[in-house]
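Student: I have a new model on my screen and I'd like to learn how to read it. Could you walk me through it?

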Amino acid sequence: MAVYTEVDDEALADFLLRYDIGEAIAFKGIAEGVENSNYLLETTKARFILTLYEKRVNADDLPFFMGVMEALADAGFPAPLPVKARDGSALQELNDRPAAIVTFLNGMSPRKPNASQCQQIGTAMARMHNALASTTLSRPNDLSVDAWPDLFEGREATAATLAPNLATLIAGDLDRLLDQWPDPEDLPQGIIHADLFPDNAFFLGENFSGVIDFYFACTDMLAYDIAIALNAWCFEARGEFNMTKGRALLAGYTSVRDFTDAEVKALPALIHGAAMRFFLTRLVDWTDTPADALVRPKDPTEYAEKLGFHRMARKLEDYGYMPASS
Ligand SMILES: Nc1ncnc2c1ncn2[C@@H]1O[C@H](COP(=O)(O)OP(=O)(O)OP(=O)(O)O)[C@@H](O)[C@H]1O
Ligand SMILES: N[C@@H](CCO)C(=O)O
């Protein structure tokens, strides 16, 4: 249950006086999500999401996240639009937390994405990258390769409780990734979502309808976003890669923007690295979350299994990529 900060009726009514969005007629905490406190807010005018930003979000980054969502709305890409208060700012404070209201998107997140949804999310991601191509906003990716050794340090023993030999395998992966990581200057860069998991994508029926949760967005290699999505959308239970889904996701993306040769070459390392990023942040949460915490940490084992697949893969064709000429 991700409501860390409670908002009572009186605080909400006072808060809404800052906006021109009507009065509350329904307000309830949203169970999904692990990072921030989210509420579904229905007013006399429309439905919205009220978010109070919790500890893992750096308040200094919030103007960047708001700017990304505004740029997407300007480009006609379906994402939540931050609502400005009467003072002209979308960023406010509520119960001593930074807070914002964004528009509500209709749709449902797929629990078990199918190949068509993988293809559509690939297409949507390329459209999203294009929609953000002309913004001047930037934010470094503070969860990229340089951050990983520190995330692992001191957590070897926890890794060993998940699987025998895992700590040694992770140490080997880290050496290999530090060695193989591409120079970002050699690949197309831009703003990436960096957390486009199925729970952050919406579909109406079978059709893609929008993307939410831009709170890890940053400037990085565009192909790294694809690498994250391949991990999140194209594996079955127990770490089996689904080649049909991989092929669909990559084909969806390249139907809008073709990969450069440097991207094709770099993608296997980026895919391996993306799995490492989520393994490590999950390992940190697994180690640091008290047993009586409100939110159960996500299981790092899922990503340990994906790492096992990436250790064996050598080229992008191993993930279903079909070069345009073949
Ligand atoms: N704009 C929106 N429109 C409709 N529903 C939304 C919107 N934003 C958030 N939600 C709902 O709130 C839930 C949690 O949102 P979100 O994913 O942003 O939370 P979070 O705490 O950042 O979680 P995590 O990072 O774990 O995904 C979503 O799964 C979705 O059900
Ligand atoms: N998508 C992340 C968690 C929230 O950002 C994960 O599955 O580990």
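Tutor: We'll go through the domains, then the sheet, a hairpin and the ligands. This is a predicted model, where local features need pLDDT of at least 70 and side-chain atom pairs count only at pLDDT 80 or more, while totals for chains, interfaces and linings use all residues. Residues are numbered from 1 along each chain as its sequence is written, and chains are lettered from A and ligands numbered from 1 in the order in which they are written.

Student: Which domains does the chain have?

Tutor: Domain bounds come from an automatic or database domain assignment. Here the assignment gives domain 1 (9-103) and domain 2 (115-319). Their centres, taken over C-alpha atoms, are 27 Å apart.

Student: How many residues of domain 1 are in contact with domain 2?

Tutor: A contact means that the C-beta atoms of two residues, placed from the backbone, lie within 7 Å. By that rule, 17 residues of domain 1 touch 17 residues of domain 2. On the domain 1 side, 13 are nonpolar, 1 is polar and 3 are charged. For those classes, Ala, Val, Leu, Ile, Met, Phe, Trp, Tyr, Cys and Pro are nonpolar, Asp, Glu, Lys and Arg are charged, and the others, Gly among them, are polar.

Student: What does the UniProt annotation cover?

Tutor: An unreviewed UniProt entry annotates residues 28-259 as "domain: Aminoglycoside phosphotransferase". UniProt positions are given in the numbering used here, feature names are shortened, and annotations may be inferred rather than shown by experiment. Over residues 28-259 the chain is 35% helix and 18% strand.

Student: Next, the sheet. What is the order of its strands?

Tutor: Helices (H or I, at least four residues) and strands (E, at least two) are DSSP runs, numbered from the N terminus, and two strands pair if DSSP finds at least two bridges between them. This open sheet has 5 strands in the order β1-β2-β3-β5-β4, paired antiparallel. β1 (24-29) and β4 (92-94) are the edge strands, each pairing on one side only. Neighbouring strands are turned by 35 degrees against each other on average, direction ignored. Helix α1 (residues 9-16) packs on the sheet and touches β1 and β4, with its direction at about 125 degrees to that of β1. Axes are lines fitted to C-alpha atoms, for helices over the stretch in contact, and angles run from 0 to 180 degrees between N-to-C directions.

Student: How many bridges join the strands?

Tutor: β1 and β2 (residues 37-43) share 5 bridges, with A24 partnered by T43. β2 and β3 (residues 47-52) pair over 6 bridges, and a hairpin joins them through 3 residues. β3 and β5 (residues 97-103) are joined by 5 bridges, with T51 opposite A100.

Student: What sits in the turn between β7 and β8?

Tutor: β7 (residues 201-204) and β8 (residues 207-211) pair antiparallel over 4 bridges. Their hairpin has 2 residues between the strands, and G205 in the turn has a positive phi of about 65 degrees.

Student: Why does ligand 1 lie between the domains?

Tutor: Domain 1 and domain 2 both give residues to its shell, so ligand 1 lies between them. A residue is near a molecule if its C-beta atom, placed from the backbone, lies within 6 Å of it. For ligand 1 there are 18 such residues, the closest being E32, G33, E35, P80 and D213. The shell has 10 nonpolar, 4 polar and 4 charged residues.

Student: And which residues surround ligand 2?

Tutor: Those are V34, E35, D195, F197, F278, T281, R282 and K298. By class, 3 are nonpolar, 1 is polar and 4 are charged.
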